[in-house]
Amino acid sequence: MRTLSPRLLLIISGALAAAVVITLVLLSATGAVPPITAVELALSVLTLAAAAVIVLGARRTDGKALRIDARTKRQEAALARTEQSVTRLTTALDGLAGRLEDAAREQSRTVLAALGEDRVELTAQTGRLDRLAGTASRIETTLRQGAGDLEDLRKLRHDHEQLTALTSTAVRDLGDRLEALAGAVREGHAHLARSARHDYAQLEALIDVRALLEPRAPLPRLRGWAASPDVLRLLVERVAADHTKLIVECGSGASSVWLGYAVQRFGAGRVVALEHDERFAEASRDLVAAHGLQDVVEVRHAPLTTWTAPRTDSGEAGASGGESWPWYDTGAVEDLHGVGLVFVDGPPGATAPLARYPALPVLLPRCAADAWFVVDDTVRPDEREVADRWLREHPELTGSAYPAEKGAMILRRTPR
Ligand SMILES: C[S@@+](CC[C@H](N)C(=O)[O-])C[C@H]1O[C@@H](n2cnc3c(N)ncnc32)[C@H](O)[C@@H]1O
């Protein structure tokens, strides 16, 4: 049978004591037991319980000590066993360590021997490696320099390309300019050649006219504003051929003097020069007087007034009827009849478009049947158009261009 543990016994003793005390209290309360007796009994029970507790506590302590002791002994035995094992292990380890040490020493000797052989090789290899490293370093330096040179070359090539592009543009440009220059030179040369031909022709005409007219004083300059020698020669030749009696000149100036000489020499007639500008009229009169031609040349101041072309019934296309121009006051020509030659060299183009148009419609009725009209400056579109209009509006006229430097047109009635 299993024995109860002191602890359980202690609990049971406590519980019994408590049960007895409670029972006594109840019995005392009911009066079954006198209180004094109950108290004495309770105290006795409690004393017994206390004694039991003490005994049981001692037993319990003692048991515990025994158990601890037994355990200690077991642990000591285990420790001894362990110590023996450790001793054996230590011994074994010592042996093992010795053997390992020997083996390591042997191994070290073998390795060192091997290393000894390798060291020589290693040293040689190191030397080679050092030399290789030196070579590699030199190669690297060379490569770096090469890369730098390549970069320089690349830049140089870029610059060269740009320079080539610029140069070719400049060369093209220069070529174009040279071509333009050559064109200009060719044009200039042609112009000079033309000009030389014209100058020569004018000189020839001038010499001819001077030889014909034998002027008594220095003659006014020709060309420019004044008529050119070639057209003057045409006029002088006309006077020489026709012995012209009356010449009308639209626009006075140097030509008035030349025509005066021509009339004096070949014509036995006179010249009437119309001038719209009073200052130029005066200047022309002075010029005429300087050559002693005042008896044959009359410069008439005829201011510009509005002249309107008379309407015709024909209604032909291109007819100028009703159109108006500023032209010399027609009062200045009312007394003139049988005009043999009209030189149309005014008014200036700036006064109106087709400024010279009225000359023919105004003067033709005052002309001889075989009269000539000479219009100067027909290289200009306005003067050319004036001559063309006259020819369109007067079918009885024949026109021919005269190769003068400023262009001239001769118009006259067609001979029957
Ligand atoms: C072409 S010019 C006539 C020149 C004239 N038949 C001659 O051969 O000398 C026409 C008009 O220009 C004006 N004129 C003349 N000499 C001029 C000059 N040096 N500068 C500006 N106008 C001038 C005059 O009014 C003249 O009637």
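# A first look at the ligand site and some landmarks

The ligand sits in the largest pocket of this predicted model. On a 1 Å grid over the protein atoms alone, a pocket is an open set of points with protein on both sides within 12 Å along at least five of seven lines, and a molecule sits in a pocket if more than half of its atoms lie within 2 Å of its grid points. As the model is predicted, local features need pLDDT of at least 70 and side-chain atom pairs count only at pLDDT 80 or more, while totals for chains, interfaces and linings use all residues. Residues are numbered from 1 along each chain as its sequence is written, and side-chain values use heavy atoms, with hydrogens and water left out.

**Around the ligand**

- The ligand is surrounded by 14 residues, where a residue counts as near if one of its heavy atoms lies within 4 Å of the molecule.
- Among these neighbours, the closest are A227, A254, S255, E275 and D345.
- Sorted by class, the shell holds 6 nonpolar, 5 polar and 3 charged residues. Here Ala, Val, Leu, Ile, Met, Phe, Trp, Tyr, Cys and Pro count as nonpolar, Asp, Glu, Lys and Arg as charged, and the others, Gly among them, as polar.
- S255 puts a polar side-chain atom 2.9 Å from a nitrogen atom of the ligand.
- Taken alone, the ligand exposes 570 Å², and the protein buries 81% of that. Such areas come from the Shrake-Rupley method with a 1.4 Å probe; for residues, only the protein chains shown count as cover.

- R300 belongs to strand β3, residues 297-301. Helices (H or I, at least four residues) and strands (E, at least two) are DSSP runs, numbered from the N terminus.
- With a relative accessible area of 13%, R300 is buried. The cut-offs are under 20% for buried and over 50% for exposed, with partly exposed in between (1.4 Å probe, protein chains only).
- The side chains of R300 and D335 are joined by a polar contact of 2.9 Å. A polar contact is a pair of N or O atoms within 3.5 Å; within protein, one must be able to donate a hydrogen and the other to accept it, and residues adjacent in sequence count only if both atoms are side-chain atoms.
- R300 also reaches the backbone oxygen of A332 with its side chain, at 2.4 Å.

- G346 and P347 are linked by a cis peptide bond, with omega at about 0°. P347 is in the loop between β6 (339-344) and α6 (359-363).
- L354 is found in the loop between β6 and α6. Its phi is positive, about 50°, although L354 is not a glycine, and L354 is buried because its relative accessibility is 11%.
- R223 is another residue other than glycine with a positive phi, in this case near 70°. R223 sits in the loop between α2 and α3 (229-242) and counts as partly exposed, at 30% relative accessibility.

**Helix residues and distances across the model**

- L93 lies in helix α2, which covers residues 35-213, and L93 is partly exposed at 47% relative accessibility.
- From L93 to G251 there are 158 residues in sequence and 152 Å in space, C-alpha to C-alpha.
- A190 is in helix α2 as well, and its 33% relative accessibility makes A190 partly exposed. The C-alpha atoms of A190 and L411 are 32 Å apart, with the two residues 221 apart along the chain.
- V386 is part of helix α7, residues 381-393. V386 counts as buried, at 1% relative accessibility.
- Between the C-alpha atoms of V386 and L56 the separation is 169 Å, and the pair is 330 residues apart along the chain.

Terms used:
1 Å grid on protein atoms, 1.4 Å probe; cavity = no way out; pocket = protein on both sides within 12 Å on 5 of 7 lines; lining within 4 Å.
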